[in-house]
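Dear colleague,

I am passing on to you the structure that we talked about, and below it you will find my notes on what was found in it. Please keep the view open while you read, so that you can look up each part in turn.

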Amino acid sequence: GGRLDSDTGSAARALGWPVLASYGMTETGSQIATESLDALDAPFFGKWLPLLPGWKAELGLNGCLRVRGDALFSGVVREGATDRNWEFVSRCQCGSEWFETSDLVTLKTRADGGIELQFLGRADDLVKKLGELISLEKLRGRFDGLLRNHQMSGTIVALPDERIEHRLVAVVEGEQADGPLGEVVRAEFDSLVAPFERIDELVWISFIPRTELGKIAFGRLRAALTN
C-alpha cells in the first residue's frame with residue numbers, strides 16, 4: 001500500500017473505522033513502525049510513528065533510512081537466461097546487518113528511549129525543475145485528494161525537459177469530454193502549490209497502467225507519455 005494521507009485517514013475515522021497509520025516495506029515482510037492504539041483517542045495525525053519492537057533504525061549519509069531486524073529479507077532470487085537458471089543473491093555481500101532504503105525520513109528519540117519515524121518521501125521521487133527540488137510524493141498526494149473530491153483518479157509524472165529540467169504532467173484517467181472538470185482540478189492544484197510546482201501539461205488517458213498489486217506502473221506510464 002501507499003502512504004495514508006491525512007484526508008483519507010480523517011475520513012476513515014469519521015466513518016468509525018479504527019485506522020492507524022503504519023510504515024513498512026516488502027523487504028521487511030510487514031510494517032516496522034505503527035501508530036499506537038492510544039492514537040485512536042485523538043484526531044487522525046499519522047505522521048510520527050513509533051518503531052515496533054524488533055527493529056533498529058538510523059539515518060544513512062544521504063538522509064535515507066537504514067533498518068536492521070530479524071525479519072529483514074536475506075536476499076533475492078533472480079531469473080537467468082533460461083527458465084531453469086535461477087540464482088540467489090545475498091542482500092548484502094559485505095556482511096552488514098543493515099539495509100539502506102530509498103526512503104527519506106526523520107527520526108526522533110522519545111523521553112522513554114523509544115524511536116519515532118516520520119516518512120518524508122522517496123529519494124528517487126525527488127526531481128528538479130528550474131533549479132528547485134520537488135517532491136513528487138507530496139504533489140501526488142495533494143493532486144489525488146483534489147481528484148477524489150470530483151470522483152476522478154490520476155497522478156503526476158515528471159518528464160525530462162531541456163529548458164526547465166523536468167515538466168510536471170498531470171495524468172487524469174477518463175474521457176476527454178470531462179476536460180473542463182480536469183481544468184478545474186488543475187486550477188485548484190496550482191493555487192495550492194509554489195509557482196515552480198504548478199502543472200505544465202494536463203493529459204487524459206483512458207487507462208492508467210498498474211501492477212498486479214494495483215499500484216501505478218510509473219515506468220510504463222512514462223513510456224506511454226513519451227511515445
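**What was found**

Of the 227 residues in the protein chain, 36% are buried, where buried means under 20% relative accessible area, exposed means over 50%, and partly exposed lies in between, with a 1.4 Å probe and protein chains only. Please bear in mind that this is a predicted model, in which local features need pLDDT of at least 70 and side-chain atom pairs count only at pLDDT 80 or more, while totals for chains, interfaces and linings use all residues. Residues are numbered from 1 along each chain as its sequence is written, and side-chain values use heavy atoms, with hydrogens and water left out.

**The chain as a whole**

The protein chain has four helices and 14 strands; these are DSSP runs numbered from the N terminus, with helices being H or I of at least four residues and strands being E of at least two. Taken along the principal axes, the C-alpha atoms fill a box of roughly 55 × 55 × 35 Å. The chain exposes about 13700 Å², of which carbon and sulfur atoms supply 51%, the accessible areas coming from the Shrake-Rupley method with a 1.4 Å probe and, for residues, with only the protein chains shown counting as cover. Among contacts (heavy atoms within 4.5 Å) between residues at least 6 apart in sequence, 50% join residues at least 24 apart.

Three strands form an open sheet in the order S12-S13-S14, with mixed pairing, and two strands are said to pair if DSSP finds at least two bridges between them. The edge strands are S12 (153-161) and S14 (201-205), each of which pairs on one side only. On average, and with direction ignored, neighbouring strands of this sheet are turned by 30 degrees against each other. Strand S13 (residues 165-173) pairs with S14 in the parallel sense over five bridges, and Glu173 has Ile205 in S14 as its bridge partner.

Helix H2 (residues 136-149) lies across S12 and S13 and runs at about 145 degrees to S12, whereas helix H4 (residues 218-226) lies across S12, S13 and S14 and runs at about 65 degrees to S12. For these angles, axes are lines fitted to C-alpha atoms, for helices over the stretch in contact, and the values run from 0 to 180 degrees between N-to-C directions.

**A hairpin**

Strand S10 (residues 126-129) and strand S11 (residues 132-135) run antiparallel and are joined by four bridges, with Leu133 in S11 being the bridge partner of Lys128. S10 and S11 form a hairpin with two residues between them, and Leu130 in the turn has a positive phi of about 55 degrees.

**Salt bridges**

A salt bridge here is a side-chain nitrogen of Lys or Arg within 4 Å of a carboxyl oxygen of Asp or Glu, and by this rule the count comes to twelve. Lys108, Arg110, Asp112 and Glu116 are linked in a network of salt bridges.

Asp144 is partly exposed at 26% relative accessibility, and Arg148 is partly exposed at 34%.

**A loop contact**

Asn62, in the loop between strand S4 (55-59) and strand S5 (64-69), is partly exposed, with a relative accessible area of 49%. If its neighbours within four places in sequence are left aside, Asn62 is in contact with Glu100 and Leu104. The C-alpha atoms of Asn62 and Leu104 are separated by 8.5 Å, although these residues are 42 apart along the chain.
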